[in-house]
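Student: I have a structure open here and would like to talk it through with you. Could you take my questions one at a time?

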Amino acid sequence: MLYYIRIIFIGFFLLFLKASDAQNPFYKTFGLTNGFPCTTVYDVYQSKNGFIWFATDVGLFSYDGFDVKNQINTYPFDKAVTNILEDSTGKIWCQSFKGIFYYTQGDSLVIEPSISQKNKFYAAQMLNGKILASITKQGVNLFNTITKKNSSVTIPEFNVVIPSFNDDETLVLQGYNGDKNFFVYPDGKYKKTVPKNAAPRYYTARFNNQLISLTKEFPFNIIFEDGTVKALSFKQNSSFYINNIKTISKNRLAICTSNGLYLLDKDYNIINSSGYYTDINVSNITEDLEGNFWLSSLNKGLVFTNQFNIILNN
């Protein structure tokens, strides 16, 4: 049965935004205590129609400006979902940690069996608004979400890679040790490159016109396209790990960690080495159409702030 959770959002809670200390941008958290369905949120995304989507430990939810609505999942053994994607028709896709792909149909989540891999999870990417590119044992599967046709890209010497990245409609795959890169295109073609200097890495993003990678754990480094490495300096260097990285403006890269949120400037320096919201395990961040930012977290539910524009424009 469909249910709604009424939450008083934007217009009213701006009066109650708070900060845990003077260095934090003002924010508001939503968890079990104020009507949100759970405290574990793996991903957050705003769709073309303006809805905010949350992938949580208990399912996929959407917020339309008035209500938080649950997308009913008829598969009772696989509620937790992550990696929200949208195709050109406005259909929302997500994945479970058990390897199941879902898409929205009305108020329900429907399984797409032709691309689901039981007990295998690798985050997919949406290319050209219709090609769902997912990793397989032999390479990459390209699923057309419009025609529902599959095509496979077999990549010799392919092995498990770090999280994929969509770089201007090209799927970027890298080896954990940085010894090989694969670039897969929507038409099924691909190329392999071998970096001059191999270095361990985990997350990838395009920032400041460069494709960069970051390590997940200490020692924290940035690895540039030419193979050079720059150390990142956090005040708590060895006590946390990175969950995600995301470009949020032309001169800011967000680093989502188990110990809060950090921002990198265009010179690749951390502007807040003590971190924002350090009691929050941040999993992702997205900006809505009004310039507000939403943070998903693994321990505090959802976080909202309308104070980042000041930071981003400095």
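Student: To begin with, what share of the residues of the protein chain count as buried?
Tutor: This is a predicted model, and in it 53% of the 314 residues of the protein chain count as buried.

Student: And how many helices and strands are there in the chain?
Tutor: The protein chain has two helices and 28 strands.

Student: What about the surface, how much of it belongs to carbon and sulfur atoms?
Tutor: The accessible surface of the chain comes to about 14,500 Å², and carbon and sulfur atoms account for 50% of that area.

Student: Let's go to the sheet that has β11 in it; what is the strand order there?
Tutor: That sheet is open and has four strands, which follow the order β11-β12-β13-β14 and pair in antiparallel fashion. From one strand to the next, the twist averages 25°.

Student: Which strands stand at the edges?
Tutor: The edges are taken by β11, residues 125-127, and by β14. Each of these has a single partner strand, so one side of each is left without a neighbour in the sheet.

Student: How many bridges join β11 to β12?
Tutor: Three bridges join them, with β12 covering residues 131-135 and running antiparallel to β11. Within that arrangement, L127 stands opposite I131 in β12.

Student: Which residues does P156 touch, then?
Tutor: Not counting residues up to four places away in sequence, P156 touches F182 and Y190.

Student: And how far apart are P156 and G139?
Tutor: They are 17 residues apart in sequence, while in space the C-alpha to C-alpha distance between P156 and G139 is 7.9 Å.

How values were computed. Residues are numbered from 1 along each chain as its sequence is written. This is a predicted model: local features need pLDDT of at least 70, side-chain atom pairs count only at pLDDT 80 or more; totals for chains, interfaces and linings use all residues. Side-chain values use heavy atoms; hydrogens and water are left out. Contact means heavy atoms within 4.5 Å. Two strands pair if DSSP finds at least two bridges between them. Axes are lines fitted to C-alpha atoms, for helices over the stretch in contact, and angles run from 0 to 180 degrees between N-to-C directions. Buried means under 20% relative accessible area, exposed over 50%, partly exposed in between (1.4 Å probe, protein chains only). Accessible areas come from the Shrake-Rupley method with a 1.4 Å probe; for residues, only the protein chains shown count as cover.
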